[in-house]
Amino acid sequence: MRPLWQIPRNSLFWLLLSVVISIALHLEHLPPWVALAGIVATLWQIQLYRERWRQPGRLLKWSLAGACAGGLFLHYGRMNGLEPMVALLFSGYSLKLLELHHKRDALVLIYLSYLIIILQSLFSTTIVSSFLVLIALLPVTAALVAMHGGAENTRPVAALRTGLAMLLQAIPLMLVMFIVMPRIGSLWAIPQKTSGTTGVSDSMSPGDMTRLGRSGKIAFRVEFDGPIPAQSQLYWRGLVFSGFDGRRWDQQGPWGYNDGKFLQWSDQGLEAWDSVIKRRGEPLSYRVTLEATNSPWLFALSTPLPQSSTVALSRDFRLVSKNPVNAKLQYSVKSWLNNQLEPESLVGWRHKLELALPSGFNPKTREIAEQWREQTPDTLALINRLLALYNQEFIYTLRPPALGKHTVDEFLWGTKKGFCEFYASSFVFFMRAAGVPARVVVGYQGGERHPTENYLLVHQYDAHAWAEVWIQGSGWLRVDPTAAVAPERIEMSFADLFSEQADFLSASPFALERLRHIQWLNNLRLKLDSLDYAWAKWVLGYENVQNDFLLSLLGAINPQRIALFLLLAGGIALLPIFIMLYLSRDKNTRDELDRLFLQYCSRLEKMGLPRRPGEGARDFAQRISRCAPGLAEAVEHLTGIYESARYGEEGGTEVKAFKTALKGFKPSREELLSST
Amino acid sequence: MIKRWRQVFNKRYQQWITRRLPPVKKIRLDNRKLFIFPTRAGFVFFTLLVLLWLIATNFENNLIFAFTFLLTSLFIIGVFHTFLNLSGLQIEGGRATPGFAGQSAEFEYLLSQTGNRQRYSIAFSHPGVDPTVVSLAGNEIKAIYLSIPVKKRGWFQAQRITVKSVYPLGLLKVWTYLQFDTRALVYPRVIDAPLPTQMAAGQGDKPPPQNYVAHNSGSEDFVGLEKYRLGESLHHIAWKQFAREQGLQTKHYADAIDDELWLDWDSLPGMDSEARLSRLCAWALRFSEVPQPYGLRLPDLELAPGTGRAHRDAVLRELALFGQPKEVGEQA
């Protein structure tokens, strides 16, 4: 059966190419058989077009549709969520390919191609993949153009060229819209991707931080409004661990507080407990661009106040995101490095929690801690005594020996070799055993200053754990036992310290980081990173800088200015198109001679002697000679030169001759009348 | 009630269109003459844009915003491209080939442009006619023809033709309605009838009327073919035509006593004037095929016998315009 309507050959070509490209783009998160079905449908359509194969029967199509839906359900076990939705869209898309009976079928396919290709941006937001999406829109547009080019316009390349020109012309206008169009937050809850946390996790056992120390991935980037503070100031607080089960440190939920809600949103006023923070001096303003972590906790310097509406300050003075961070997230923060947290008193239940120790673990440490406490009653002196012990006898290494049941005992009085979490864990345990409320804080420390751009790169290997102790009158005090063992870890960047060690970046064997000692490669790495950061800041997280950017652009944000800007910028964006389109209308590709001849014709037309469509120069001259004998001589003369210029050997000189002759040709009414 | 409103609206609309686009000989399309509006596919495209915008907003994904804006811009750019596919096009009403009532008259339109824009897929249509779709290269002059059905004899002016284009995206259509002051002459409906046995010749004062007998028995001038009737001589059957599966026909010859042969209004008594004209028309066509001079005699007019195409056209013209004002038509 041959369909009544047949898609133009060039349109089909681009359409099938679009299908193949969209399959390729989504290959990573599609069940293989869905991709395969798409390829089979493409081949089938090719064979249909060549009239080699027959149209699949209605029964076959319906059973295929059923099989797809069932297969997807079996594959995913659910139908909500992004990936099943895209896969379902894909199966419908492939099946639609088998029934191109009407023009609207082809249009549906083209629109679906646009949708599916653009949806790729939900899965990957890198520069490369966005560029691929942009490229992939080209064949779809070409298919759309080819559909409407008519029967005489069957070359695929012509449609591609038109599509390309239109897309390029659309880009300036898109930029204007991107800059100005307001972004409103999500309208309803969307199914979140569920995948494992990357980076710092919500618990800490010995070895966890060491593992992160081997990864060269970017954790986040920070841009300060002023100069970047000293390396030793950069403690990026992430999570606070108060619970310890002998091996693992973890968070002890939002309970234990009775002075307001656990989370304080920046747009909802201050909670009562905000007053327990004493902020002093000028705050640091900065913007963090966090890579996807799939978890809600964020990182900031102490003590932070979030400036973005989707970020909250929690009761334990860290930042929390509204949704798990599934894609790059940008947030603005103000931090007061000079601060006191809860200097007066700890909430009762929390006080107990920060002193709690699991029974049956690390008996030796508990015993020594109690001894030390009696010998050194002053808390600060006690801390310094312990730090001095670390400093004298301990080794900071990426390859710590494994620990048994009594982790702290074995580490403090045995192996004496460890990475930051060993020090933080043993320090907090010791302090609690000595009756000082203490907790573990994890996050990142330091960062790499970009040499040319004013921002800081924080890598996964900058992950760090340290301690906070609570002292009556001073509040929570940061103590970093690692700094006592290896002060250079805090002073220099981690990479500078460890780049010679074999284990450094062993989890990222192909990272450019490993080659940081080769100057030009290191420069290249940093260049690429600044590009990536600009992408994250200006594109992926544009809504965070939109306000400031528009403000700097317009001076003030009000409807009039926005409208004016839209008009101006839109006009400027459309200007190239105007020029292109309108110039090409009058673009003179006809040679000089044609132009002169048209002049000649228009002079005669003004005399009421228009040239008829399709009338040759000679016929025209003869007709004029008949109607207006007064002009006959001049017209015959000009036509003679025109013909020899057009058809003769020496075109160039004759064209000039025609030009001079034309100058003297000024037909007047009198001449016209003298004839009649 | 609604029907009346619609009638009133249609009338107003027609008046407005006529004011805006009066009948012309030649027209250059520009923004005052062109209309532009999204097509149905364009509205579906809007839906796609809204869907993409919702996805972008809900997933707070700026890349999807960017691509949504790109497609929106593509649509806006498309307005210019679509518009310029028609703008600047010159259309001139060309020749109108006469036709017979009940058949169609062919109208010619000449397309040209001063620039060198390549124009694609421009559809010309007229009510009741399948659209003609053409492309136009830069500096090209192209003629297109619309065969428009005609019903009544006399002067026929084509209705507004619609010139429409959706190129390049199909999301927008640009169109205009054009009325050209070209008219076609419509000849009477052709109703063939057997030739009467007697046709008046000469004028009333020229007795006796010469007999003209159309028959198939003589050996004189061949007049034409007629359907075979039972009893006719087998000698006169046109076997060639039979072999071409045109049915059994017999050759008819006329012994013209006089070279002057008259198609006479009065030879068809008892018929109304349209029926007479139709038959005279058919006969004129028949005689114009053979080298037989023939004249036309109508109640108020007489055309001297003659032969050839020009004579035939003159005869047909008189038949077409019988009883109608005979203003000079545009028959360039």
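1. Let's start with one residue pair: A:F241 has A:V440 as its bridge partner in β16(A). The strands here, like the helices, are DSSP runs numbered from the N terminus (helices are H or I with at least four residues, strands are E with at least two). Before going on, note that this is a predicted model, where local features need pLDDT of at least 70, side-chain atom pairs count only at pLDDT 80 or more, and totals for chains, interfaces and linings use all residues. Residues are numbered from 1 along each chain as its sequence is written, while chains are lettered from A and ligands numbered from 1 in the order in which they are written.

2. Now zoom out to the strands themselves. β3(A) pairs with strand β16 (residues 438–445) of chain A in the antiparallel sense, over six bridges; to count as a pair, two strands need at least two bridges found by DSSP. In general, strands of a sheet pair through backbone hydrogen bonds, either parallel or antiparallel.

3. Why is strand β3 (residues 235–241) of chain A largely enclosed by the rest of the structure? Seven of its seven residues are buried, so that is what we get. A residue is called buried if 20 or more other C-beta atoms lie within 10 Å of its own, exposed if 12 or fewer, and partly exposed in between, with C-beta atoms placed from the backbone.

4. Chain B has an open sheet of three strands in the order β4-β12-β9, with mixed pairing. β4 (99–100) and β9 (154–157) of chain B are at the edges with a single partner strand each, so one side of each has no neighbour in the sheet. β4(B) runs parallel to strand β12 (residues 183–187) of chain B, joined by two bridges, and B:G99 has B:V186 as its bridge partner in β12(B).

5. Most residues other than glycine have a negative phi, and most peptide bonds are trans. A:E342 is not a glycine, yet it has a positive phi of about 45°; look for it in the loop between β13 (339–341) and α9 (348–353) of chain A. A:E342 is partly exposed, with 19 other C-beta atoms within 10 Å.

6. A:K416 isn't a glycine either, and has a positive phi of about 60°. A:K416 sits in the loop between α12 (407–415) and β15 (417–418) of chain A.

7. Which peptide bonds are worth checking? The one from A:S302 to A:T303 is cis, with omega near -15°, and A:T303 is in the loop between β8 (284–290) and β9 (304–306) of chain A. The bond from B:Y167 to B:P168 is also cis, with omega near 5°.
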